[in-house]
Amino acid sequence: MEGNELFTYIGNNDYEGVQKFLSEHKLKGDLYDDHGMTPLQHAAYKGNKQICQLLLDHGADVNSGRHEHGYSALHFAALSGKDDVCTCLLAAGAKTYATNSVGRTASQMAAFVGNHKCVAVINNYIGKSDVDYYILARGLETSPKLDPILAEPLHNFIMQVNIHPVRVALNLLPSLISHLPQVRKVVTLMSEKQMKAGPETNEIMAFKLHYLAFIIGEVQKCKQGDKECDLVELFVRKVHRPIHGEKYVEMFVRDCVREFPYRECMVFKQMVSSLSRSGGDAIPALSVLTTAINGHRGFADDTQPCATCAEESATKKCAKCKVVRYCDRECQRLHWFIHKKECARSNAASSSTSTTTEQDNSTSNQSGNSASPRKETNSEPHLVQGGENSQDNSSPSNSEAKGTLSSEAVNQDQNTDSSKSVRNNDESIDQEKLTEKVSNLVCT
Ligand SMILES: [Zn+2]
Ligand SMILES: [Zn+2]
């Protein structure tokens, strides 16, 4: 039959072939192969996002299939290990709660075979319509619960994978920050809705939303009267302050779990049992949460998270000590109050001095190629840019210099974004670069 041709094209990752076939034949409902698999399921299994998107654009049903073991297209994407294919299917409405014949969801299958990125993408996915629900006035309401301009930033905020409290707070864009009570209310309602969705109940998302609402509450608590202040900065200081240090995070994460109202669900029970371990078996509360939401993670040796927000593979590092890594200048600025002592110490320890901005991947074993005297602990931090050959001589940190700082920070963000997309395109090259940088560091 002519459908076989289509399966052959997909099997060969032949995009043009699929395109030609679809222009000549209309996809009536879905085709099935001998195992009850649809063309979309084949494309997902091959991990080919382009072909998946093409089939979806031609009306393929993301949830259809008669696979003998009950696998959905999302199951196959999860097994392929391609998180972009998962995202594409999720955006088309793939059901995350669908289970195969052995009762496993796509995310569970991904975890089973160690495709952690897919686990994180699936577990953190929420449809835009779930947020948009709140931008319309319902029932007797005279105004909607959520200002429509907040829908997009809130949707992005919820889908973030890194759940470190600092990263969560940093992801609260100014528009969300200026509407915290409203945002917190909606996030809490969304959590409740996820729990009461019948067969579509998503415990993990319900808990994540509860956690996000909890952090928003903690950020709100930083407000001191009517004083104008940077709530996120105050919150970050609380998280990193040495006296409370990890203890504050440990405590509020535990409080957050304790306040989760749905105690019968599996996620809650699992977390409580992990949190009740003590002594040598104790696991930091934040790791328990990360595992519950994003699945078990293997840590690659060559990734060094940002010291401020734990974002993985932070590409820039402190130009003074060349040890501590950051995502961008904003992360460095927020961490400076705590890092400056450590930084001075590690500088004193290493006899070599260097300029404040130096390429970490330059051939740089030359010490003291600068005459600039080291400033005291109040001096400003600098970033060495990882990867690209750009230099950065400007200095952040100073609150007086905020005007210049914010525009600097934007530039920095753009840099980060572009380096991120490069990383996504070719992870192996980037990892090589990282390893190279690490070895340079050791030499220095
Ligand atoms: Zn960071
Ligand atoms: Zn440093």
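No disulfides are found in the chain, the count being zero under the rule that a disulfide is a pair of cysteine sulfur atoms within 2.5 Å. A disulfide is a covalent bond between the sulfur atoms of two cysteines. For Cys222, the closest cysteine sulfur is that of Cys229, and because the two sulfurs are 8.1 Å apart, they are too far from each other for a bond. Cys222 counts as buried, at 7% relative accessibility, where buried means under 20% relative accessible area, exposed over 50% and partly exposed in between, with a 1.4 Å probe and protein chains only. Cys265 is likewise buried, with a relative accessible area of 4%.

The structure is a predicted model, in which local features need pLDDT of at least 70 and side-chain atom pairs count only at pLDDT 80 or more, while totals for chains, interfaces and linings use all residues. Residues are numbered from 1 along each chain as its sequence is written, chains are lettered from A and ligands numbered from 1 in the order in which they are written, and side-chain values use heavy atoms, with hydrogens and water left out.

The pLDDT, the predictor's confidence in each residue from 0 to 100, averages 78 over the chain, and 75% of the residues score at least 70. Residues 351–378 stay under 50 in pLDDT, and the model gives them 52 contacts beyond four places in sequence, a contact being heavy atoms within 4.5 Å. The pLDDT is also below 50 over residues 387–444, a stretch with 81 contacts in the model beyond near neighbours in sequence. Where pLDDT is low, the predicted coordinates should not be read in detail.

The chain contains 21 helices and three strands, taken as DSSP runs numbered from the N terminus (helices H or I, at least four residues; strands E, at least two). Of its 444 residues, 45% are buried. Among contacts between residues at least 6 apart in sequence, 67% join residues at least 24 apart. Helix α8 (residues 116–123) is mostly covered, with six of its eight residues buried; these are Cys118, Val119, Ala120, Val121, Ile122 and Asn123. They pack against α5 (73–80), α6 (83–91), α7 (106–112), α14 (203–221) and α18.

Donors are N, O and S atoms within 2.8 Å of the metal (3.2 Å for Na, K and Ca); water is not among the atoms, so sites may look incomplete. Distant parts of the chain are linked here, with Cys306 in the loop between α18 (285–294) and β1 (316–318) and Cys327, 21 residues apart from it, in the loop between β2 (325–326) and α19 (329–349). Cys306 is buried, at 4% relative accessibility, and Cys327 is buried, at 7%.

The zinc ion (ligand 2) is coordinated at 2.0 to 2.4 Å by Cys318 (SG), Cys321 (SG), His339 (NE2) and Cys343 (SG). This site of the zinc ion (ligand 2) is tetrahedral, with angles of 103 to 116° among its four donor atoms. The donor spacing reads C-x2-C-x17-H-x3-C. Both Cys318 and Cys321 are buried.

Note on methods:
Four donors count as tetrahedral if all angles lie between 85 and 135 degrees; four count as square planar and six as octahedral if opposite donors are over 155 degrees apart and all others between 65 and 115; anything else is irregular.
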